[in-house]
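Hi,

Here's the model I promised to pass on.

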Amino acid sequence: MRIFLTGATGYIGSAVLDALLRSGHDVTALVRDPERAERLSLRGVQSVVGELSVPKSYASIAEGCDAIVHTALEQSKRAAVVDRQAIETLLGSAIRRAAKGNPVAFVYTSDLWILGNTSGAAGEEAPLRPTTVVDWRPEHEKLVLDAGRGRVLRTVVVRPGVVYGGARGIVGDFLKDAANGLIRIVGDGGNRWACVYDRDLADLYVRAATQPEAAGIYHVNDEADERVNDIVEAVAKHAKMEPDIRHMPLDEARGKLGPYADALVLNQIVRSSRARGLGWTPTLHSVAGSVPRLFEEFRTARVAA
Ligand SMILES: NC(=O)c1ccc[n+]([C@@H]2O[C@H](COP(=O)([O-])OP(=O)(O)OC[C@H]3O[C@@H](n4cnc5c(N)ncnc54)[C@H](OP(=O)(O)O)[C@@H]3O)[C@@H](O)[C@H]2O)c1
């Protein structure tokens, strides 16, 4: 399939790109930096140098593709505005192609933080209680899901958990902090995070983009229901020199991190049964149980960077 991918240089998007290429798909990527575009072209990826907020830089290229996978997010105060603009542009491209009788899929990246604290094990039908950093997400999910209702277009909303693997993300930061001798946990660490291994997440994206029955919302996590303390203690135990662990009160963390601190104290138990219904099975089943491998991946990714 010909697939248009945003965010191919990002944490999730680069894993998705690897998985799409491994599955033999023809990928066109929206990239901001010409040097990165050049590097991707060495891997057989056609790149479009452009910007989410400049629709004309990518709308017509996206229109030529059988599936559009949107993983990019601008890390700025404009994140929500730019994301909405990108969704409208990409949905427009997809609808125009579908109107010509071509089957088209649009896969959108949301976030499990949209659920807030869960009560019981949360499936896709669970009520939305988004924490502040993602309070704009429900509207964007709705835009995507509504566009898929007429069956002209197939739309999918992927809600990943906290991603682990490689050197990036929150868990990657724990591995880095361990090497520096101090890991900080926001709150008492008794809360549970929903987490997912980057390669497993990428496998779900491939299924979402290519399987004709995939539509609607998909939670993606390893279902380990791990407490933050258990993750950090496992990281500390396997570090070369055991680091200190410090619990930072939420108020202090808010002062340093803003509303992101509230996301880090969410208590989430989440189930991904719809993903399993697509034949998806996670290969890693917990962060704590995978720490030696994660340290190895972390070192390899740092050397390669
Ligand atoms: N990481 C997680 O644990 C996690 C969990 C759940 C949900 N999510 C969601 O997943 C999405 C991706 O997260 P991530 O961790 O992969 O983020 P990331 O590593 O920061 O990657 C963001 C990607 O978006 C691209 N980008 C940013 N602004 C752009 C713009 N204006 N025009 C074009 N491209 C732009 C970046 O390109 P450059 O390389 O040029 O910067 C990069 O490729 C986000 O919506 C995030 O909220 C992430």
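Glu-223 sits in the loop between E11 and strand E12 (226-227); helices (H or I, at least four residues) and strands (E, at least two) are DSSP runs numbered from the N terminus. Before going on: this is a predicted model, where local features need pLDDT of at least 70, side-chain atom pairs count only at pLDDT 80 or more, and totals for chains, interfaces and linings use all residues. Residues are numbered from 1 along each chain as its sequence is written.

Glu-223 isn't a glycine, yet it has a positive phi of about 65°. Glu-223 counts as buried because it has 20 C-beta neighbours inside 10 Å. The cut-offs: buried is 20 or more other C-beta atoms within 10 Å of a residue's own, exposed is 12 or fewer, partly exposed is in between, and C-beta atoms are placed from the backbone. Asp-225 lies in the loop between E11 and E12 as well, and has a positive phi of about 50° without being a glycine. With 18 C-beta neighbours inside 10 Å, though, Asp-225 counts as partly exposed.

Now the sheet. It's an open one of 7 strands, in the order E3-E2-E1-E4-E5-E6-E11, with parallel pairing (two strands pair if DSSP finds at least two bridges between them). At the edges are strand E3 (46-49) and strand E11 (216-220), each pairing on one side only. Strands E4 (residues 67-70) and E5 (residues 105-109) pair in parallel over 4 bridges, and Ile-68 has Phe-106 in E5 as its bridge partner.

Helix H4 (residues 79-99) packs on the sheet, touching strand E1 (2-6), E4 and E5, and its direction makes about 170° with that of E4. Contact here is two C-beta atoms, placed from the backbone, within 7 Å; axes are lines fitted to C-alpha atoms, for helices over the stretch in contact, with angles from 0 to 180 degrees between N-to-C directions. Helix H5 (residues 137-147) lies across E5, strand E6 (154-160) and E11, at about 150° to E6.

Last, the ligand. Its shell has 25 residues, the closest being Thr-9, Gly-10, Ala-72, Leu-73 and Val-163 (a residue is near if its C-beta atom, placed from the backbone, lies within 6 Å). Helix H1 (11-22) and strand E7 (162-164) each supply at least two shell residues, and H1 has the largest share, 3 residues.

Over to you!
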